[in-house]
Amino acid sequence: AWTKNQVKAFTDKDGFEKEVVRHVETTLARSLFNCDEGAAYSAASLAFRDRLITEWNKTQQRQTSADSKRVYYLSLEFLMGRALDNAILNIGLKDVAKDGLSDLGFRIEDVIEQEHDAALGNGGLGRLAACFLDSLASLDYPAWGYGLRYRYGIFKQEIINGYQVEVPDYWLDFNPWEFPRHDVTVDIQFFGNVRKTQDDNGKTVAHWEGGEIVTAVAYDVPIPGYATPSTNNLRLWSSKASSGEFDFQKFNSGDYESSVADQQRAETISAVLYPNDNLDRGKELRLKQQYFWVAASLYDIVRRFKKSKRAWSEFSDQVAIQLNDTHPTLAIVELQRILVDQEGLEWDEAWNIVTSTFGYTNHTVLPEALEKWPVGLVQHLLPRHLQIIYDINLFFLQSVEKKFPNDRDMLARVSIIEESQPKMVRMAFLAIVGSHKVNGVAELHSDLIQTTIFKDFVHIFGADKFTNVTNGITPRRWLHQANPRLSELIASKTGGHGFLKDLTELNKLEQYAEDKEFRKEWAEIKYANKVRLAKYIKKTLDITVNPSSLFDVQVKRIHEYKRQQLNIFGVIHRYLTLKAMSAEERKKQLPRVSIFGGKAAPGYWMAKQIIHLINNVGAVVNKDPDIGDLLKVVFLEDYNVSKAEMITPASDLSEHISTAGTEASGTSNMKFVLNGGLIIGTCDGANIEITREIGQENIFLFGTLSEDVEDLRHSHTYGSHSVDSDLSKVFDTIQSGKFGEPNDFGAMIAAVRDHGDYYLVSDDFQSYIDTQKMVDAEYRNQDEWITKCIRSVSRMGFFSSDRCINEYAEGIWNIEPLVVKN
Ligand code: 26Q
């Protein structure tokens, strides 16, 4: 019920207040007298949402009349976090909102805090999608995001007796940021059979018939660009029972109960986000989610294209579709089906359109994360799609055979169908064959996929099909919003907030790296951010930490490859070292707070053991009177985007210590450096490029190089694997029962000592400890330390998601910004 005329876009405090009051009194039907912070949040959000929708409408009209090419970003995850502060800042009305809310009796910080995170993602991949949406809008690209509207996002984590407990995240209670579009629906078919007929020209036509129908309903979320009126759309699909013939028949025959059951089964599809990060668990419902979302999105995209009345041959001039990992790979098959079965195009013509439309981004080389689906399951759920997959594979293998005659091994290796028991569809191979570009997310990662898991495909398609686009982060959320004081300080020295639009302007800071006064202001802001985190730790965990200590942070999903176990073993080693010292010696040591946070996938037992150990170590260390401030160990509950916004600016040192070659890129490494923290890390993912940009003197690198990992692993299996002696002492202490029931951690120790140490914890332990010693030494020289931080920030321009999106736009999508004329 909004039209252009109804909503007056406010520009000042009075206009904003009027809108807030109007929403409190009418939309929320409350009186101003019982307007609490929650209601103030809702009303302020509705006021800003209305404003965004006005611009959203204009943006869509502009794109339609310009008839420009659009990019569609298909992602099963969008880890958006909070929307209100972001909308206020991107529109540029922080002062208006602040003063307006203050007039109404509220502090803006408290109002912003009311918002529940939109947590429709697991970790890096989902947050990357959210950063990309921000950049696409900020750079005026015509772009849509397509995802699923999960009723439950990633679970809420509670720590009870040191263990992770998962609590459902019901977040849709009241969400002012979405617009239900009950008129935008798509019926999605599952199961059924394929019947083939001949048309008048003797051509075979496939008819997919029967099965069941589930309806997709669109929910639109406006995405504001920063300092531009461009407002893009994120369309999320929600599932509901179809109101078509099937249901009516049941009602009419009095089968009310089974009709209700149908409804619940339909709603199950968009009920919950799978909480696995970098792990594929082949559940039928997950495949249903994928097809449901892909089919609805493609229907929408094709519908929009058809309105333009262009020829099919122009499809990829108008449409680019990016696949965020293999999760939307069925889109390739679905578009081929639409073109061949429904639009009557010849196979080859259709396939040319398909392959010139799609791009595929790979986010992992971990074998356990590469998606595969049993052929039988695909056959049952999507019978026509399996036929098309077989045909795609047949034509592909024929072309391979032509190019590499008599290489049967090659054919078996690259086949989209794995000839295992049961047979499996290899989604990554399907995504490669159906796309015109395949990219990794950091240089090392892109090199690795081209030389290992996708090597054969480089030979088949040529190296040009494969490329790198190093990840980036949006400086709007991760600097301006998360660290407003630092953003202001930078603005005061670089001539305004231009760096938020062109992050390379940060290089103007370099001249102040050794400026005494500037360093002082810089240090004060870091200290204030640490005080805020210390207060939060006190409030939530009742642990007192000294903000003058070195804050050492590792926050990310808990995974063996990310090696939180290496970190906690290092903490135990530090504790033992401190305990062994005389009181005199201890006084000379540098106080440190080790801060952990992150969720374990509910079914990932070892990751949960790691959380348990961290908490148990904290319980012992934090109350040891010999230790005091010298070491505190903190596990922050329920790490999410809004907590990251508080934690990131408070770090002195953050840890990015994955086994070399396992972390595709990492993006929190970029966030921490951008916020004036240094990092300790391995030569992995984007750490390598961060080092190149900021200088190796400004980063603490350690550990095995990726090219040596395989040999080292091999030597563990076939040689004698001796565990580092300091690490052995750590194990002995754990097994003495110092940190609780030693059996609890037996498997964690055995993984290193007895089962081949796949992640090379033992190999890297000594260099990790030595590097941490260097950190201590360097932190003592605060002037030097801050200089390093300033220099690093000044050289971080490359890691803006704006740069990243421009690379996709030019190298993969072939789209241009739609410039807004005033
Ligand atoms: C697959 C099949 C079934 C169920 C779940 C999944 C699944 C879900 C999520 C597989 C993988 C993911 C997430 C992967 C991910 O977050 N990867 C990270 O992507 C970041 C952005 O590119 C990188 O910075 C990280 O290095 C990478 O780990």
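**View 1. Helix α6 and the shell around the ligand.** Helix α6 (residues 124-138) gives the largest share of the shell around the ligand, three residues; helices here are DSSP runs (H or I, at least four residues), numbered from the N terminus. This is a predicted model, in which local features need pLDDT of at least 70 and side-chain atom pairs count only at pLDDT 80 or more, while totals for chains, interfaces and linings use all residues. Residues are numbered from 1 along each chain as its sequence is written, and side-chain values use heavy atoms, with hydrogens and water left out.

View 2. Leu125, His363, Asn471, Glu663 and Gly666 come nearest of the 21 residues around the ligand (near: a heavy atom within 4 Å). By class, six residues of the shell are nonpolar, eight polar and seven charged, with Gly counted as polar.

View 3. The side chain of Asn471 places an N or O atom 2.8 Å from an oxygen atom of the ligand. Of the 610 Å² of accessible area that the ligand has on its own, the protein covers 98% (Shrake-Rupley method, 1.4 Å probe).

**View 4. Ser270 in its loop.** Ser270 belongs to the loop between α8 (256-268) and α9 (284-307). Why does Ser270 count as buried? Because its relative accessibility is 4%, and buried means under 20% (1.4 Å probe, protein chains only). From Gln114, Ser270 is 156 residues away in sequence and 25 Å away in space, C-alpha to C-alpha.

Key. Polar contact = N/O pair within 3.5 Å; in protein donor to acceptor, adjacent residues only side chain to side chain. Helix = DSSP H or I, 4+ residues; strand = E, 2+ residues; numbered from the N terminus. Buried < 20%, exposed > 50% of the residue type's maximum accessible area, 1.4 Å probe, protein only.
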